[in-house]
Amino acid sequence: MRVLIVTDTYPPDINGVARTLHTLGAGLTRRGHTVQVVTTVEGDDGLKRHVMHSMPLPGYPGLRFGFASTRQMLEILDSYKPDALYVATETLMGISAIRAASKRQIPVVSGFHTNFQNYLEDYHLPGMETVAQGVLRAIHNQTARTLTPSVDTAAMLERWGIQNVGVLGRGVDTELFDPKRRDPALRQAWGADKDTPVALYVGRVAAEKNLELVVRAFDEFKKVQPAARMVIVGNGPRLESLQQERPDFHYAGARTGLDLAAHYASGDVFLFPSITETFGNVVLEAMSAGLGVVAYDYAAPRLLIRSGQNGWLAPFNEEAAFLTQTRVAAAEWRNDELRFAARQSAFDLGWERVIEQFEHELASVMHRMID
């Protein structure tokens with residue numbers, strides 16, 4: 001197949017969607033397909049990319065919205081002649097790609113990767129959620145299939161009236177995210193020795209990640225473990241204010257590759273209070289690295305965590321329960337059996353099965369178009 005991926009975010013961007021799309025594209029290439037990418041950032045990952053104009057999301061310069069006219073997208077389609085499109089983001093660029101593909105009768109699979117409708121209040125646009133749902137429904141129902149990473153999100157999209165929804169899960173590189181990458185020197189830089197528990201957060205430092213609960217949760221953690229350290233890995237619009245609010249935290253900035261893997265493995269308990277995830281790749285990475293995760297019972301945590309056995313779950317959006325589970329985690333931070341079970345849970349979720357399913361989804365819509 002000749003596949004065109006259309007996405008506003010792609011490496012070198014550092015986020016779960018960008019990493020996922022790169023992994024899917026590279027995986028299709030390994031399986032003998034040809035892949036090109038329409039995106040907003042320059043880079044060289046071995047795939048040809050068409051870079052479009054873009055603008056940053058207001059209040060969040062690290063995320064961009066791409067702009068491309070239907071005419072521009074038609075030019076790319078006529079030159080490349082793809083068999084199928086995967087449109088990963090519901091922006092003007094994605095809409096133009098869907099329109100152009102319709103004119104050329106090329107099948108489109110769309111992806112629902114981000115709960116943008118839940119971000120609106122955080123970014124000073126309250127009351128727009130219903131409007132956003134209607135817009136998203138109209139966009140996705142122009143495509144042959146909509147893929148999203150969790151059963152929870154798929155059910156939500158079906159309630160909105162989006163048709164032909166499927167679940168395309170996520171994978172993890174268990175060789176990269178491995179407990180053996182634990183680094184005593186890195187822990188020492190955090191002010192932690194072998195007897196000091198380290199709570200970890202990895203992700204965007206942004207309002208939609210519910211970071212206020214990270215702060216409160218760590219305060220509960222310290223009630224049980226007074227010597228504990230808190231490490232924040234990531235960048236975002238809330239970083240500066242959080243640094244001012246909590247100068248006692250260690251801020252590692254954005255990390256990638258082996259460096260990121262070492263940061264995961266050098267922690268002990270992963271705090272993940274977000275309530276806006278479609279999946280939550282970082283939960284899978286943390287578990288692969290041998291960390292017990294405290295999270296809400298939805299998306300990836302619901303799929304992966306058996307509370308008390310390989311992590312700790314709280315009912316969705318019940319903050320008091322999340323804080324209770326954090327105290328339990330603090331008491332059990334050295335529970336090697338639980339951390340081993342977390343690592344074992346990740347082994348069943350390699351990327352190859354996800355890439356194979358993605359290939360099948362694209363081939364299915366292409367064959368339906370031919371039939």
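**Close-up 1. Helix α6 and its buried residues.** The buried residues of helix α6 are Thr-153, Ala-154, Met-156, Leu-157 and Trp-160, where buried means under 20% relative accessible area, exposed means over 50% and partly exposed lies in between (1.4 Å probe, protein chains only). Seen down the axis of α6, these residues fall within an arc of 160°, so they line one face of the helix; the arc is that of the directions from the helix axis to the C-beta atoms. An α-helix has 3.6 residues a turn, so residues three or four places apart point the same way. The exposed residues Val-151 and Arg-159 are carried on the face of α6 turned away from its buried side. Helices (H or I, at least four residues) and strands (E, at least two) are DSSP runs, numbered from the N terminus. The model is predicted, and local features need pLDDT of at least 70, while side-chain atom pairs count only at pLDDT 80 or more and totals for chains, interfaces and linings use all residues. Residues are numbered from 1 along each chain as its sequence is written, and side-chain values use heavy atoms, with hydrogens and water left out.

**Close-up 2. The two ends of α6.** Ser-150 lies in the loop between β8 (145–148) and α6 (151–160), and this serine is buried, with a relative accessible area of 5%. Not counting residues up to four places away in sequence, Ser-150 touches Val-167, Thr-278, Phe-279 and Ala-299, a contact being heavy atoms within 4.5 Å. Just after α6, Gly-161 takes a positive phi of about 100°. Asn-164, in the loop between α6 and β9 (165–167), has a positive phi of about 55° although it is not a glycine, and is partly exposed, with a relative accessible area of 46%.

Close-up 3. Strand β1 (residues 2–6) pairs with β6 in the parallel sense over four bridges, and Leu-85 is the bridge partner of Leu-4. Strand β7 (residues 108–111) also runs parallel to β6, joined to it by three bridges, and here Tyr-86 stands opposite Val-109. Two strands are taken to pair if DSSP finds at least two bridges between them.

Close-up 4. Glu-285 is buried, with a relative accessible area of 7%, whereas Arg-19 is partly exposed, with a value of 28%. Another salt bridge is formed by Asp-195 and Arg-334, whose closest N and O atoms are 2.5 Å apart. Asp-195 lies in the loop between α7 (184–189) and β10 (198–202) and Arg-334 in the loop between α13 (319–331) and α14 (336–346), so the pair ties together parts that are 139 residues apart in sequence. Asp-195 is partly exposed, with a relative accessible area of 42%, and Arg-334 likewise counts as partly exposed, at 47%.

Close-up 5. In the salt bridge between Asp-45 and Arg-49, the closest N and O atoms are 3.4 Å apart. Asp-45 is partly exposed, with a relative accessible area of 22%, while Arg-49 is buried, with a relative accessible area of 13%. Elsewhere, a network of salt bridges links Arg-30, Arg-31, Glu-352 and Glu-359.

**Close-up 6. Backbone features in two loops.** Pro-11 and Pro-12 are joined by a cis peptide bond, with omega at about 20°, and Pro-12 lies in the loop between β1 and α1. Asn-210, in the loop between β10 and α8 (211–224), has a positive phi of about 60° although it is not a glycine. At 13% relative accessibility, Asn-210 counts as buried.

How values were computed:
Salt bridge = Lys/Arg side-chain N within 4 Å of Asp/Glu carboxyl O.
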